[in-house]
Amino acid sequence: MSKPVLGLILGAVLGALDGLTALFYPETAPQIVGIVIGSTVKGVIAGVIIGFVARKYQSLPIGIAVGLAVGLILAYLVAMMPDEQGNHYYVEIMIPGALVGLILGYVTQRYGRLPARAGH
Amino acid sequence: MSALSDDHLGSLRGLLDYPDLTGTRYEIRRKLAVGGMGSVYLAHDRALDRNVALKVLTIPDLSGERAARMMREAHVVARLEHPGIVPIHDVGRLSDGRVYYTMKYVEGATLEQFRQPETPLPDLLRLFQRVCEAVEFAHSRGVIHRDLKPANIMVGPFGEVLVMDWGIALAATLTRDPATTTPDSRSERASEAGHPVPGGESAGSYVPTPNTAAGTILGTPAYMSPEQARGETVDHRCDIHGLGAILYFLLTGRAPFEVFDSPASPDRIRKGEVTPPRTHDRRIPRRLEAICLKAIAPSPDDRYQSARHFTDDIVAYLDGLPVSAYRETPWEVALRWFSRNRFIVFIVVAYMVVRFLLLLWRGI
C-alpha cells in the first residue's frame with residue numbers, strides 16, 4: 001500500500017472515530033451525522049496530504065512536524081465554524097485534531113510503500 | 001667501546017628475526033602478530049606508498065607442505081572479494097624461498113578488544129550481522145573458515161568489519177591446486193561425496209574433509225565446534241557454531257568453553273556442553289540466548305543450516321520481529337509489540353487522556 005493510500009484510509013478511520021467522540025457531548029447529538037462526516041473528510045484530506053509528504057521526504061521528524069501542522073490547520077478551519085448557538089470549540093477540536101495528524105505523520109513515515117526508483 | 005644495553009640487544013635480535021625482503025617492493029616496519037604457521041608484519045609497499053600486512057612462513061617446512069598450504073590460503077582468500085573479508089594484494093616467494101603474501105593492513109581492534117561491557121548490544125549485533133554476511137559469502141564460494149573467533153574479526157576505525165585468518169580454511173576447502181580447480185570440478189567432487197553444496201553450483205562448492213592435518217586438530221578450543229574437537233568431518237555448519245560462539249562472547253564477554261584447567265573441559269568441548277548465556281548475565285534477552293544456543297547446538301543438524309538463516313534471526317531480533325529460534329508466550333508477543341510501537345501507543349494514550357480531560361473540563 002502506498003503512503004498516500006495508507007494516509008487516506010487511516011485518516012478516514014481516525015477521522016470517523018474522532019468525530020464519534022462527539023457522542024460524549026449530549027448537546028452535539030442533533031449534529032452527530034454532520035460531525036462524523038466532516039471529521040472523516042478532514043481525516044481523509046489530512047491523511048492524503050501527510051501521505052504525499054511522507055512519500056517525498058523520508059524523515060520521521062519531518063513527518064511528525066507536518067502531521068502536527070496539517071492536523072492543527074485543518075482542525076482550526078473546522079473549529080472556526082460555530083454551532084447553532086454560535087459557540088466555537090477550538091480546544092475540543094484542535095488538540096485532538098493535532099494528535100490525529102501526529103499519528104498520521106508517524107504511521108505514514110514508518111509504514112507504507114515508497115514508489116520504485118527508476119534504475120539505470 | 002660501550003656495551004650494548006638489553007633493549008638494544010632485544011631490538012637487534014628482532015631485526016635478525018625479520019625476513020629478508022630483498023627483491024620485493026616491501027620493507028618491514030614491525031612485527032604485528034605470530035600465528036601457528038607464520039608471522040604477520042607491518043610492511044610498507046614502496047611501489048604504491050602504502051602500508052600492508054605481510055604474512056610470511058616462519059616455521060621450518062622441509063616438505064614444502066606448509067608453503068603450499070599458505071599459497072593456497074592466499075589463492076582462496078584472493079577469490080573471496082567481499083567488503084567483510086580482508087583482501088589479498090600480492091603473493092610471492094622471498095629470496096630464501098619462503099612464501100609470503102600481503103593483505104590489507106587493518107588498523108583498529110579485534111572484536112575481542114572492541115567489545116566492552118558498556119558497548120550497546122544493538123551496535124554489537126549490527127557488527128555481528130556483517131560478520132555473518134561475510135561468512136555466508138565465503139560459504140557460497142565453497143570456503144569454510146573453521147577458526148571463527150573474536151580475535152579473528154577486526155573492527156576498523158570507521159566501523160568496517162573484516163574476517164581475518166583464513167589459514168585453516170584451506171585444509172577444508174581445496175585438495176588440489178586452486179589455480180587449476182574450477183568450481184565445477186569441486187562441485188563434482190562434492191556431489192560425488194554426497195555432501196551439500198551451499199550456494200548452488202554456480203556459486204561454487206566445497207568438499208568437507210576431516211579437520212585434521214597430520215593428526216592435528218585445527219582450531220581454537222575455546223570456540224571450537226564439538227565435531228571439530230572430536231576430529232570428525234566438518235562442513236559449513238562448524239562455522240555456524242563459530243559464529244554462535246562469537247555471539248556467545250558478545251553477549252557474555254567470555255568464550256563458550258573458557259575453563260581449560262579443569263580436566264572435564266576437553267570432554268565438555270567434545271560434547272558441546274555450554275553454560276547458557278543467561279546464567280552469566282540475567283539481562284541477556286531470552287530470544288538472543290535462544291538464537292545463540294541454537295547456533296552452538298552440539299549436533300550440526302540442530303543448528304541453523306546456513307549463515308543466511310542465522311543472519312535472518314539476528315536481523316529479525318534487531319527489528320523487533322519474531323525469531324525462529326524462540327517460541328514466545330502471548331505476553332512476550334504483546335511486550336515486543338509494545339516495545340516496537342512505543343511511540344504510536346504513547347500518542348494514542350495521549351489522545352485518549354486529552355479527550356478524557358476535555359470531558360472533565362466541559363463537565364465542570
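Predicted model: local features only at pLDDT ≥ 70, side-chain atom pairs only at ≥ 80, totals over all residues.
Figure 1. Helix 11 of chain B spans residues 286-295 and is mostly covered, with 8 of its 10 residues buried. Those buried residues are B:Leu288, B:Glu289, B:Ala290, B:Ile291, B:Cys292, B:Leu293, B:Lys294 and B:Ala295.

Figure 2. Chain B is built with 14 helices and 10 strands. It has 364 residues, and 38% of them count as buried. What share of the contacts in chain B between residues at least 6 apart in sequence join residues at least 24 apart? The share is 62%.

**Figure 3. A three-stranded open sheet in chain B.** In this view, 3 strands of chain B form an open sheet in the order 6-7-8, with antiparallel pairing. Strand 6 (109-110) and strand 8 (161-163) stand at the edges, and each has a single partner strand, so one side of each is left without a neighbour in the sheet. Strand 6 and strand 7 (residues 153-155) of chain B pair in the antiparallel sense over 2 bridges. To follow the pairing at the residue level, look for B:Thr110, whose bridge partner in strand 7 is B:Met154. Helix 4 (residues 121-140) of chain B lies across strand 7 and strand 8, and runs at about 40 degrees to strand 8.

**Figure 4. Two aspartates of chain B with positive phi.** As background, most residues other than glycine have a negative phi. B:Asp49 has a positive phi, near 50 degrees, and is not a glycine. You can find B:Asp49 in the loop between strand 2 (38-45) and strand 3 (50-57) of chain B. B:Asp165 also has a positive phi, in this case about 55 degrees. Its place is in the loop between strand 8 and helix 5 (169-173) of chain B. Is B:Asp49 buried or exposed? With 7 other C-beta atoms within 10 Å, B:Asp49 is exposed. B:Asp165, on the other hand, is buried, with 22 other C-beta atoms within 10 Å.

**Figure 5. Helix 2 and helix 3 of chain A, side by side.** The axes of helix 2 (residues 32-56) and helix 3 (residues 60-79) of chain A come within 10 Å and cross at roughly 150 degrees. The two helices are therefore roughly antiparallel to each other. Helix 2 passes helix 3 in a right-handed crossing. On helix 2 of chain A, the contact is made by A:Gly38, A:Lys42, A:Ile45, A:Ala46, A:Ile49, A:Ile50, A:Val53 and A:Ala54. On helix 3 of chain A, the residues that take part are A:Gly63, A:Val66, A:Gly67, A:Val70, A:Gly71, A:Leu74 and A:Val78. By class, this contact has 10 nonpolar, 4 polar and 1 charged residues.

**Figure 6. Where chain B touches chain A.** This contact takes 10 residues from chain B and 12 residues from chain A. Which classes of residue does the side of chain B that touches chain A have? That side has 8 nonpolar, no polar and 2 charged residues.

Methods. Residues numbered from 1 in each chain as written. Chains lettered and ligands numbered in written order. Axes fitted to C-alpha atoms, helices over the stretch in contact; angles between N-to-C directions. Helix = DSSP H or I, 4+ residues; strand = E, 2+ residues; numbered from the N terminus. Parallel < 35°, antiparallel > 145°, perpendicular 65-115°, else oblique. Left-handed = near helix turned anticlockwise from the far one by under 90°. Contact = placed C-beta atoms within 7 Å. Nonpolar A, V, L, I, M, F, W, Y, C, P; charged D, E, K, R; others polar. Pairing = 2+ DSSP bridges. Buried ≥ 20, exposed ≤ 12 C-beta atoms within 10 Å, placed from the backbone.
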